[in-house]
Amino acid sequence: MGIIGWLILGLLAGAIAKLILPGRQSGGWVITLVLGVVGALLGGFIGSAIFGVGIDSFFDLSTWLLAIGGALIVLVIYGAVTGRKGSRV
């Protein structure tokens with residue numbers, strides 16, 4: 001896949017992950033894109049390490065499942081790191 005394919009896959013995987021995960025996540029489409037691309041990379045790494053399946057083709061179902069799963073993991077970590085830490089006044 002080319003760089004444009006990775007960006008499109010990342011944006012869509014990040015958007016789907018935000019729809020699946022309940023709650024309010026901050027960030028616009030740029031954060032969604034970054035989280036999705038990082039999630040796609042993480043999902044591809046986990047998929048190749050555990051299942052022997054990587055992210056090879058844009059139109060492959062395993063590519064999308066791995067990218068969305070990785071984006072969900074990254075989104076949970078991002079939410080934990082940037083969560084509201086203020087106290088009530």
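Predicted model: local features only at pLDDT ≥ 70, side-chain atom pairs only at ≥ 80, totals over all residues.
Residues are numbered from 1 along each chain as its sequence is written, and side-chain values use heavy atoms, with hydrogens and water left out.

**Overall layout**

The chain has three helices and zero strands, running α-α-α from the N terminus. Helices here are DSSP runs of H or I with at least four residues, strands are E runs of at least two, and both are numbered from the N terminus. Of the 89 residues, 34% count as buried (under 20% relative accessible area, with exposed over 50% and partly exposed in between, using a 1.4 Å probe and protein chains only). The accessible surface is about 5,800 Å², and 72% of that belongs to carbon and sulfur atoms; the areas come from the Shrake-Rupley method with a 1.4 Å probe.

**Where α1 meets α2**

The axes of α1 (residues 3-20) and α2 (residues 29-51) come within 7 Å and cross at roughly 105°. That makes α1 roughly perpendicular to α2, a label for angles of 65 to 115 degrees. The axes are lines fitted to C-alpha atoms over the stretch in contact, and angles run from 0 to 180 degrees between N-to-C directions. On the α1 side, the residues involved include W6, L9, G10 and G14, and among those they meet in α2 are W29, G36 and A40; contact means heavy atoms within 4.5 Å. By class, this contact has 10 nonpolar, four polar and one charged residues, with Gly counted as polar.

**The core**

The largest nonpolar core has 15 residues, and W6, L9, A13, A40, I55 and A67 have the most contacts inside it. Such a core is a set of buried Ala, Val, Leu, Ile, Met, Phe, Trp, Tyr and Cys residues joined through side-chain atoms within 4.5 Å. Two or more residues come from each of α1, α2 and α3 (61-81), and α3 gives the largest share, seven residues.

I8 is partly exposed, at 40% relative accessible area, whereas G10 is buried, at 0%. Leaving aside neighbours within four places in sequence, G10 is in contact with T32, L33, G36 and V37.

| Pair | Apart along the chain | C-alpha separation |
|---|---|---|
| I8 and V37 | 29 residues | 8.7 Å |
| G10 and T32 | 22 residues | 7.9 Å |

Notes: Parallel < 35°, antiparallel > 145°, perpendicular 65-115°, else oblique.
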